[in-house]
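Student: Before we use any structural term here, I would like each one set against its definition. Could we go through them in turn?

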Amino acid sequence: MTEPAASRSGVGHLVEGFRRMAPLSLFVIVFGLAFGVAALQQGLSGLETLLMSGLVFAGAAQFATLELWDDSIPLVPLVAITLAINARHLLMGAAFYPHLRELPAGRRYASLILLSDANWAMAMSGGSPAARLGILVGGGLALWITWMIGTGLGVAFGSGIGEPERFGLDAIMGCFLLAMLVGDKRDPGVLLPWGAAAIAALAAMAWLPPHAHVIVGALAGGLVGLLLPPAAKERR
């Protein structure tokens, strides 16, 4: 009787995580739509676009790689940019490890497949390890589904949008990242890394080869965050 009860509890936590993330995940549809349109404009087929969203599930990295997409794809810069943008997942996974350590290795790694900023932050907000895991997996599933719905809408209607910039679809990701900065705490623990990343990226755009600004900005922001005094980090 113990194992079925635990199983029902696990399913309940997953459903609760899905329910809690569902309202927020609706906004992801807009990002997915923008990506679908941008991918078609860049020359990807509808199937390639859907496969990228389904298998990669990393909006910022996917938008960044579109800038490199051409008849001849530079694999080394592509991999480097993806690693630079998604390196934060290493820290997120490490921070969440205490709530996963009791799981078998297979389940532990499988639970992180749908890891993203939103469901990680919600899962870290509190609760038992089982509840946190349910939020992480259930919330990640909600985000993935809406991301795929948005991408599908972009693929379905993107061919009819000749100039995405007329509707502001090319600016959605930039506006999202700007909102993260403006809405966050206004202290050195946040502003200094963002400022360093921005200055380094602008300098790289002016003096370094194309697309290097993404890597340079990410590395500069991460380095400044690492070197901040402990007091500034605690205020974050």
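Student: What makes V28, F31, G32, A34, F35, G36, V37 and A39 in α2 count as buried?

Tutor: Buried means under 20% relative accessible area, exposed over 50% and partly exposed in between, with a 1.4 Å probe and protein chains only, and V28, F31, G32, A34, F35, G36, V37 and A39 of α2 are placed in the buried class. This is a predicted model, in which local features need pLDDT of at least 70 and side-chain atom pairs count only at pLDDT 80 or more, while totals for chains, interfaces and linings use all residues. Residues are numbered from 1 along each chain as its sequence is written, and side-chain values use heavy atoms, with hydrogens and water left out.

Student: Why is α2 called a helix, and how does its reach of 20 Å compare with what is expected?

Tutor: Helices are DSSP runs of H or I with at least four residues, strands are runs of E with at least two, and both are numbered from the N terminus; α2, residues 28–41, has 14 residues. The expected span is 1.5 Å times one less than the number of residues, and the 20 Å from the first C-alpha of α2 to its last is close to the 20 Å expected. Just after α2, G43 takes a positive phi of about 110°.

Student: How many helices and strands does the protein chain have?

Tutor: The protein chain has 13 helices and 0 strands, and buried residues make up 35% of its 236 residues.

Student: Why is the pairing of R19 with E16 called a salt bridge?

Tutor: The term requires a side-chain nitrogen of Lys or Arg within 4 Å of a carboxyl oxygen of Asp or Glu; the closest N and O atoms of R19 and E16 are 2.6 Å apart, and the pair therefore qualifies. The structure holds 1 salt bridge. R19 and E16 are separated by about one helical turn, because they are 3 residues apart in helix α1, residues 2–25.

Student: Which residues does the record annotate as "transmembrane region"?

Tutor: The unreviewed UniProt entry gives that annotation to several spans, including residues 50–69 and 76–97, although such annotations may be inferred rather than shown by experiment. In the model, residues 50–69 are 75% helix and 0% strand, with end C-alpha atoms 16 Å apart, whereas residues 76–97 are 91% helix and 0% strand, with end C-alpha atoms 30 Å apart.
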